[in-house]
Amino acid sequence: MIRVGVIKKSKKSSDQFGVRFLVNLILFTSSLVVAAQSTILKNVNIVDVIGGDIITNQSIEIEDGVIVNIQSGLPESLDGDSVIDLSGKYIIPGLIDSHTHIEHSAYWNPARKYNPPRDNLVELLEHALYGGITTIREMASDVRVVSELSRAAKLGVINSPDIQFSSLFAGPDFFEDPRAAAATSGEVPGNVSWFKSITDSTDISSAVIEAKGNGSSGIKLYAFLKPSLVAKISAEARKRNLKVWAHGNTQESNSYELVESGVNSLSHSTLLLGMRPDEMMSYPTVDSTLQILFRKMKENEVVLDPTQFIYENVERLNTMSDAGSQVIAKAHQSGVMITAGTDTISAYREEPFPFIHEEIALYVEKSNLPIIDAIRSATINNAIALGLDDQIGSIDVNKKANLVVLNENPLENIQHTKSIFMVVKEGVVFKRKL
Ligand SMILES: [Zn+2]
């Protein structure tokens with residue numbers, strides 16, 4: 001895999017430091033090109049996830065990492081513009097995996113334990129980017145690690161999807177978990193802003209402000225939280241413009257109570273079937289309960305993050321995979337927005353593509369979603385779940401040029417999302433070479 005087009009201009013270059021830096025460069029280098037340069041992707045078929053159609057033979061003009069023009073035919077080309085002919089190819093928005101655990105991908109390679117070396121994480125992120133992922137929502141990790149990687153990704157220091165991350169809130173009992181120890185190493189689990197133990201006596205306002213301060217864009221609610229605490233957390237998070245991403249149930253709050261308490265998303269399809277294994281197994285008799293839940297989710301605009309990939313691929317969860325597929329199908333029929341996440345990210349040394357492709361293929365193949373809706377689940381729907389749909393998630397003027405160019409029409413076959421010719425992240429081209 002090679003990288004081309006390494007020029008990346010930050011939109012923030014007009015800040016004081018940036019201007020001074022640029023002036024220094026102009027003074028000391030003679031070959032620097034400072035004129036705005038655009039990249040034009042011509043003759044491409046755009047998969048329009050908003051309209052649901054393919055718009056044929058378009059040109060996409062990109063400047064400073066942003067799409068500035070889309071038109072049929074070719075815009076008047078300026079000197080120095082780089083034009084890439086994509087005749088016969090298809091283009092979808094950059095994929096978003098809305099449920100990743102980059103540090104826990106040890107799951108897929110038992111030889112790697114928690115707290116992997118940074119080099120491994122960088123390699124994994126690069127694999128994801130070349131595999132079509134331009135943004136991830138990292139669900140509960142060591143914020144010290146992911147915020148540093150997030151910065152490096154944003155600056156183009158590493159080849160990586162953009163990283164949005166969360167702080168995890170849970171009841172005290174959760175913090176015995178080895179994953180909590182790993183994500184807080186050197187500190188006391190439950191005592192840090194990104195892995196916070198919540199009880200009736202917690203100052204929830206401060207906890208939410210601290211999560212905001214560590215760079216999180218959402219609060220992940222995990223186990224052992226009762227509805228009254230969930231409602232308080234959600235209300236404080238809303239004030240601070242943070243999202244609340246909950247497990248499908250928290251053992252002390254069921255899915256319906258979580259939705260009523262103001263969360264923005266529910267993760268893991270089968271957790272909607274009940275809080276205890278015996279309740280889950282009574283499916284599909286809980287069908288009417290599910291319909292009530294889905295109506296409420298739709299009404300409150302709560303999205304479903306099913307993580308079907310793990311039900312299909314983790315042996316101990318496999319018995320629940322059919323139930324999971326049915327939950328996705330019924331949620332979709334009820335108008336609940338589906339957001340695609342894998343609960344891992346990839347087995348980057350073993351598999352050529354990240355798992356998001358398999359996640360969305362399962363929606364089509366096992367839950368009968370139309371292909372366009374499966375693609376939406378990993379693009380515009382995930383952008384909405386992150387609160388970033390004004391910047392990413394579709395191919396539109398003024399949005400970031402985060403794009404995946406495909407050799408084959410994905411609307412003909414969902415597996416074609418893997419026919420990647422190249423990936424574009426904020427205007428930088430990453431050409432895939434298998
Ligand atoms: Zn998870």
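A residue is counted as buried if 20 or more other C-beta atoms lie within 10 Å of its own. This criterion applies throughout the following views of a predicted model.

**View 1. Overall fold of the protein chain.** The chain contains 14 helices and 18 strands. Of its 434 residues, 49% count as buried. Among contacts with a sequence separation of 6 or more, 68% join residues 24 or more positions apart.

**View 2. The buried face of helix H11.** Helix H11 comprises 13 residues, 321-333. From its first C-alpha to its last, H11 reaches 18 Å, close to the 18 Å expected at 1.5 Å a residue. Ser321, Gly324, Ser325, Val327, Ile328, Ala331 and His332 are the buried residues of H11. Viewed down the helix axis, these residues fall within an arc of 160° and therefore line one face of H11.

**View 3. Surroundings of helix H11.** The packing partners of the buried H11 residues are helices H9 (287-299), H10 (308-313), H12 (356-367) and H13 (371-377), together with strand E15 (303-305). Just after H11, Gly335 adopts a positive phi of about 85°.

**View 4. The largest nonpolar core.** This core has 114 residues, of which Ile91, Ile219, Leu221, Ile233, Val263 and Val404 touch the most other members. Helix H2 (residues 118-130) supplies the largest share, six residues. Both domain 1 (2-93 + 396-431) and domain 2 (95-386) contribute at least three residues each.

**View 5. Contacts of Val263.** Leaving aside residues up to four places away in sequence, Val263 touches Leu221, Val230, Ser234, Val244, Ala246, Leu258 and Val302. Of these, Leu221 is also listed with Val263 among the core residues that touch the most other members.

Notes:
Residues are numbered from 1 along each chain as its sequence is written. This is a predicted model: local features need pLDDT of at least 70, side-chain atom pairs count only at pLDDT 80 or more; totals for chains, interfaces and linings use all residues. A nonpolar core is a set of buried Ala, Val, Leu, Ile, Met, Phe, Trp, Tyr and Cys residues joined through C-beta atoms within 7 Å. A residue is buried if 20 or more other C-beta atoms lie within 10 Å of its own, exposed if 12 or fewer, and partly exposed in between; C-beta atoms are placed from the backbone. Helices (H or I, at least four residues) and strands (E, at least two) are DSSP runs, numbered from the N terminus. Domain bounds come from an automatic or database domain assignment. Two residues are in contact if their C-beta atoms, placed from the backbone, lie within 7 Å. The expected span of a helix is 1.5 Å times one less than its number of residues. The arc is that of the directions from the helix axis to the C-beta atoms.
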